[in-house]
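Thank you all for coming; I would like to take you through one model this morning, going from a single residue to its surroundings, then to the helices, and lastly to the charged pairs.

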Amino acid sequence: MVTVLHSSVLETLGQEIVAGELPAGAVMTLEQLQARFQVSRTVMRECMRILESMNLVESRRRVGVVVRPSAEWTVLDSRVIRWRLDGPGRGAQLRDLTELRIAIEPAAAAGAARRAMAEQRDELVELAGRLRALGEAGMLAEFLEVDIAFHSLLLRASGNSMFGALEDFVAEVLAGRTHHGLMPAHPVPAALDAHEGVAHAVHAHDPAGAERWMRELVTEVREAIADTAGDAATD
């Protein structure tokens with residue numbers, strides 16, 4: 001029960017902060033929050049500790065818990081990403097995250113072509129094949145699961161620990177696009193081709209080809225998001 005309460009309180013406060021319902025400078029006290037959520041001081045302290053770890057709030061003596069400006073948030077924390085995608089600025093958040101993917105994933109694909117282990121190369125090809133089958137069948141839930149596995153493996157296979165640390169970030173972006181209805185019922189053939197192109201280039205130890213195919217893939221994603229999200233992408 002404590003875990004359930006902790007999760008519920010954390011989700012509510014996190015979403016309210018990133019949506020601006022609790023704006024920068026807003027002050028809360030543990031007593032007020034305990035009364036609001038009807039939870040123990042222990043549960044409330046743990047929630048505040050986690051929010052502090054994301055730089056969403058800070059505790060000030062004789063003041064209380066203060067919401068921090070968005071410029072100070074740990075914006076690559078997977079929970080912050082998810083809360084922002086659930087909020088009113090979803091289009092702009094997806095745009096920013098996709099632009100970051102464009103900066104990172106082509107280089108990661110090139111790194112994987114240079115440094116991936118043999119079993120990783122084989123698995124990428126196998127995952128790309130599954131993505132085509134699932135995409136053409138319109139099985140979006142299953143497609144998302146395999147897509148996350150594909151991109152996560154690619155980041156790890158790059159041999160760059162900084163890229164590997166972004167695995168959860170990319171997973172949240174992929175999940176957010178699907179969960180908010182910004183994926184077509186059937187992924188476009190160009191995206192399926194690009195996944196296979198990346199996988200086969202990595203398998204063939206072709207860094208330039210892997211980078212080129214991945215750039216095509218994430219650029220197609222950016223264009224698709226702009227078309228689907230419309231004006232929301234400029235919020």
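When I say that two residues touch or are in contact, I mean that they have heavy atoms within 4.5 Å. Two sentences on the source before I use that term. What you see is a predicted model, in which local features need pLDDT of at least 70 and side-chain atom pairs count only at pLDDT 80 or more, while totals for chains, interfaces and linings use all residues. Residues are numbered from 1 along each chain as its sequence is written, and side-chain values use heavy atoms, with hydrogens and water left out.

Let me begin with His-151, which sits in helix α7; helices here are DSSP runs of H or I with at least four residues, numbered from the N terminus. Is His-151 buried or exposed? Its relative accessibility is 1%, and His-151 therefore counts as buried, given that buried means under 20% relative accessible area, exposed over 50%, and partly exposed in between, with a 1.4 Å probe and protein chains only. If we set aside residues up to four places away in sequence, the contacts of His-151 are Arg-101, Glu-105, Val-170, Leu-174, His-195, Met-214 and Leu-217.

One of those partners, Met-214, brings us to the largest nonpolar core. By a nonpolar core I mean a set of buried Ala, Val, Leu, Ile, Met, Phe, Trp, Tyr and Cys residues joined through side-chain atoms within 4.5 Å. The largest one has 28 residues, and those touching the most other members are Leu-124, Phe-150, Leu-154, Val-198, Val-202 and Met-214. At least two residues of this core come from each of α5, α6, α7, α10 and α11 (207-229), and α10 gives the most, with seven residues. Looking at Leu-124 itself, and leaving aside neighbours within four places in sequence, we find it in contact with Phe-150, Leu-153, Leu-154, Ala-199 and Val-202. Apart from this core lies another, of 26 residues, which includes Leu-13, Leu-33, Val-65 and Trp-83.

Helix α10 runs over residues 189-203, and its 15 residues should span 21 Å at 1.5 Å a residue, which agrees with the 21 Å between its end C-alpha atoms; the expected span is 1.5 Å times one less than the number of residues. Buried in α10 are Ala-191, Leu-192, Ala-194, His-195, Gly-197, Val-198, Ala-199, Ala-201 and Val-202, and just after this helix His-205 takes a positive phi of about 60 degrees.

Helix α6, residues 118-137, has 20 residues and reaches 29 Å from its first C-alpha to its last, close to the expected 28 Å. Its buried residues, among them Leu-124, Leu-127, Leu-131 and Arg-132, pack against α5 (90-115), α7 (140-157) and α10.

As for helix pairs, the axes of α4 and α5 come within 8 Å and cross at roughly 140 degrees, where axes are lines fitted to C-alpha atoms, for helices over the stretch in contact, and angles run from 0 to 180 degrees between N-to-C directions. The two helices are therefore oblique to each other, since angles under 35 degrees count as roughly parallel, over 145 as roughly antiparallel, 65 to 115 as roughly perpendicular and the rest as oblique. At this crossing, Ile-81, Arg-84 and Leu-85 of α4 meet Arg-90, Gln-93, Leu-94 and Leu-97 of α5.

Finally, the charged pairs. How many salt bridges does a search of the whole structure find? There are 16, a salt bridge being a side-chain nitrogen of Lys or Arg within 4 Å of a carboxyl oxygen of Asp or Glu. Arg-82 pairs with Glu-172, their closest N and O atoms being 3.5 Å apart, and this pair links distant parts of the chain, from helix α4 (residues 78-85) to helix α9 (residues 167-179), 90 residues apart. Arg-82 counts as partly exposed at 25% relative accessibility, whereas Glu-172 counts as buried at 16%. Arg-156 and Glu-167 form another salt bridge, with 3.1 Å between the closest N and O atoms; Arg-156 lies in α7 and Glu-167 in α9, so the pair ties together parts that are eleven residues apart in sequence. Salt bridges that share partners also join Arg-132, Glu-136, Asp-193 and Glu-196 into one network.
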